Amino acid sequence: MFEFIQNMGQIPPDDQFRVGHQNDGSGHYYPVIANTPHGRIPGKGKQGKAWYPFGGQEHPTTSFQYLKCGPGARVSLQKSRSPPAGAVTGHQNDSGTMYSVICHHTAHGKIPGKSNGVRAWYSWGGKENPTTDFTYVVVRGGHAPRPPIYNPPIHVPGFNPQPSCPPQYPPVYPPQPSYPPQPSYQPQPSYNPAGYAPGPPPQGLAEGMTVRFRCKTGKNVRLMQNGDVDGQGGNGQWATFKVHVLGPGRYGFQNQIGLWLAIKYGRVTQSTIYNDPDASFLLHLNPDSSVGLESCIYRGQFIGIKRKGGNSKLALANKPPHDSTSQPSSSHVHMVLWLSTNIENEKHTEGK
């Protein structure tokens with residue numbers, strides 16, 4: 001239906017969401033979701049900057065997401081006594097779900113804000129202003145955007161297109177970048193599922209790779225249909241993940257039943273949305289050749305699997321004191337990464 005687009009200073013990506021306006025001459029505003037210490041709170045935004053209401057004050061931020069409709073989806077403003085289907089939601093840590101709304105007939109304009117389903121608040125003039133006259137921002141129709149498909153160029157034998165500029169003799173090549181030395185990876189434990197090799201490749205993960213995460217329980221991380229994550233997986237579809245490159249250094253991991261690993265509000269769980277910020281991770285390479293997956297949104301929170309029972313209900317957020325490398329200190333968040341080289345011929349003998 002829609003996706004979240006991280007603010008990078010760009011022009012707002014979807015004019016269907018240009019539904020707010022202020023009377024002070026600042027013009028149109030978009031409903032956005034602000035990443036804050038208090039949760040992912042609905043607010044108002046325009047190119048490069050956003051504001052959200054919290055604790056009686058108006059707070060500015062540049063860490064927020066725009067909304068963008070999927071193909072065939074449409075945005076509407078709906079007046080309702082209860083949150084309608086398709087309402088855009090956020091979350092406030094001290095009070096739960098918050099809905100993205102447009103506050104009407106205010107003295108300051110038609111301003112995007114937040115609502116708990118009973119009353120609404122919008123930010124203006126440095127303050128958090130309450131109102132009961134609001135409509136929900138609703139997205140309906142269409143389907144979630146799919147990952148981009150890479151089509152490699154086709155080489156036709158005997159056809160070699162030449163550049164338009166005359167050749168140089170001898171050939172002149174542009175200077176090549178110098179790369180820092182890559183870490184060397186030590187041999188991993190004797191466990192080796194068929195067709196897998198331990199450790200990330202020196203150049204990093206690539207789009208379409210198939211991976212598993214071997215944790216301290218001696219088994220693999222698995223993501224089940226109900227959203228539970230634990231360390232009791234085998235070689236099956238719950239524990240086998242496809243790598244998606246979501247941006248520079250940002251990765252998503254989707255298992256073979258279509259669910260994405262995610263961290264939401266301090267809990268390791270699932271997402272069903274492509275490019276969901278909650279399902280976007282940074283990959284840390286640890287000195288012992290294990291890896292850690294850190295949330296791109298909730299920095300300092302890692303996917304952690306407890307050794308006893310392999311159950312993971314909470315994301316661990318441990319860091320070494322005064323450590324600027326953002327590497328996790330707890331052994332619960334260290335996992336061995338296994339890369340598939342022959343997934344088609346593998347026999348799934350350890351269950352899901």
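Helices (H or I, at least four residues) and strands (E, at least two) are taken as DSSP runs and numbered from the N terminus. On this basis, the protein chain contains zero helices and 26 strands. The structure is a predicted model, in which local features need pLDDT of at least 70 and side-chain atom pairs count only at pLDDT 80 or more, whereas totals for chains, interfaces and linings use all residues. Residues are numbered from 1 along each chain as its sequence is written, and side-chain values use heavy atoms, with hydrogens and water left out.

Of the 352 residues in the protein chain, 49% are buried (under 20% relative accessible area, with exposed over 50% and partly exposed in between; 1.4 Å probe, protein chains only). Among contacts (heavy atoms within 4.5 Å) with a separation of 6 or more, 59% involve residues 24 or more positions apart.

Seven salt bridges are present in the structure, each defined as a side-chain nitrogen of Lys or Arg within 4 Å of a carboxyl oxygen of Asp or Glu. One of them joins the side chains of aspartate 278 and arginine 40 at 4.0 Å, N to O. Because aspartate 278 lies in the loop between strand E22 (267–271) and strand E23 (281–285), and arginine 40 in strand E4 (residues 39–46), this pair ties together parts that are 238 residues apart in sequence. Both aspartate 278 and arginine 40 are buried.

A salt bridge is also formed by arginine 222 and aspartate 230, whose closest N and O atoms are 2.7 Å apart. Arginine 222 counts as buried at 18% relative accessibility, and aspartate 230 is buried with a relative accessible area of 9%.
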